[in-house]
Amino acid sequence: MSAFNRLQTLQAALQTRGVRDVKFHLNVTPDTALESVASTVADVLEAIQAGRVRPFEALGDAAHA
Amino acid sequence: MILPSRNMVQCLDKAKELAEVYRMEAHHDRSHSVSMDEVLRLVCTYLNKDVQVQYFLDSETGDHIRGVFFEVTGKYEIYLLDGMSLEWIRFVLCKELFHVLLDEDGCRNCAVDDHLREMIPSFSDLHSHPGSPVVWEVLAEIAAAELMFPFADRVVLMTQENVDTTVIAQRYSLPVLIVERYLSDNAMQVIASHMA
């Protein structure tokens with residue numbers, strides 16, 4: 001299945017669970033191929049949908065006055 | 001990419017608004033870099049936003065993608081690439097939190113494939129006029145930069161000789177790439193033209 005077909009399948013799953021907006025912080029250059037980005041995004045969305053996540057913990061970056 | 005002036009002003013105003021909340025409410029020694037622990041706390045408590053942050057685990061993805069934001073019927077989910085440096089975690093988290101603060105109906109998009117098809121070419125085309133969801137990707141980053149590395153500070157730095165971006169990045173706890181991007185002539189000119 002192409003990356004864009006995978007994205008369309010994922011998009012339907014996201015909408016089913018109430019997701020109304022998706023945005024990304026991408027690391028791309030003018031030379032990065034669209035298909036490559038789409039494939040990466042599909043991988044990440046599949047990881048999130050499959051629960052391959054871990055909790056965020058405090059960064060400890062507050063220097064208390 | 002050409003950013004609508006009205007949206008630029010809106011984004012910089014939102015950064016100023018959060019900076020003011022931070023100045024009044026953060027339990028933080030403000031001689032240090034802006035704390036993302038405190039910013040997240042203020043967004044969730046003071047600004048009353050329901051935000052869940054997690055890391056996504058996928059070693060196959062490299063770092064083509066550093067963060068993901070979902071709006072789910074009034075709640076927000078942020079996913080950060082596991083294993084990034086502290087500086088990148090801080091910046092990407094801040095950028096995604098601005099998606100929370102800038103959220104409105106007109107900037108939403110759930111058509112991921114179309115979003116990417118429009119966004120990727122726009123990044124390298126200085127004259128492109130993408131739709132709102134793509135514009136807000138950039139504006140959220142500009143707002144994050146304004147909060148963490150304010151334009152006023154950058155103006156002062158630009159008057160100094162021998163500016164060392166590595167030292168500046170350490171001082172603000174930011175990635176060097178971000179410091180270089182926002183000290184560039186183009187970024188300084190664009191922001192200057194929209195500062196009140």
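The predictor's confidence in each residue is expressed as pLDDT, on a scale from 0 to 100. This is a predicted model, in which local features need pLDDT of at least 70 and side-chain atom pairs count only at pLDDT 80 or more, while totals for chains, interfaces and linings use all residues. Residues are numbered from 1 along each chain as its sequence is written, chains are lettered from A in the order in which they are written, and side-chain values use heavy atoms, without hydrogens and water.

**Chain A and chain B**

Begin by selecting chain A, which has a mean pLDDT of 91, with 97% of its residues at 70 or more. Within chain A, helix H2 (residues 34–49) has the lowest confidence, a mean of 92, and strand E2 the highest, at 96; helices (H or I, at least four residues) and strands (E, at least two) are DSSP runs, numbered from the N terminus. Select chain B next: its average pLDDT is also given as 91, and 96% of its residues score at least 70. For the complex, the predictor reports an ipTM of 0.94 and a pTM of 0.94.

**The interface**

Now display both chains together. Here 62 residues of chain B are in contact (heavy atoms within 4.5 Å) with 45 residues of chain A. The area buried between the chains is about 4900 Å², and carbon and sulfur atoms give 62% of that area; buried area is the accessible area (1.4 Å probe) that two parts lose on being put together, summed over both. Select B:Tyr55, B:His64 and B:Cys110, which supply 14% of the area that chain B buries against chain A, more than any other three residues.

**Paired strands**

Move to strand E1 of chain B, which runs antiparallel to strand E2 (residues 53–55) of chain A and is joined to that strand by three bridges; two strands pair if DSSP finds at least two bridges between them. Within this pairing, B:Tyr55 is the bridge partner of A:Arg54.

**Salt bridges**

The term denotes a side-chain nitrogen of Lys or Arg within 4 Å of a carboxyl oxygen of Asp or Glu. Finally, select A:Arg20 and B:Glu71, which form a salt bridge whose closest N and O atoms are 2.5 Å apart. This pair crosses between chains, from strand E1 (residues 19–26) of chain A to strand E2 of chain B.
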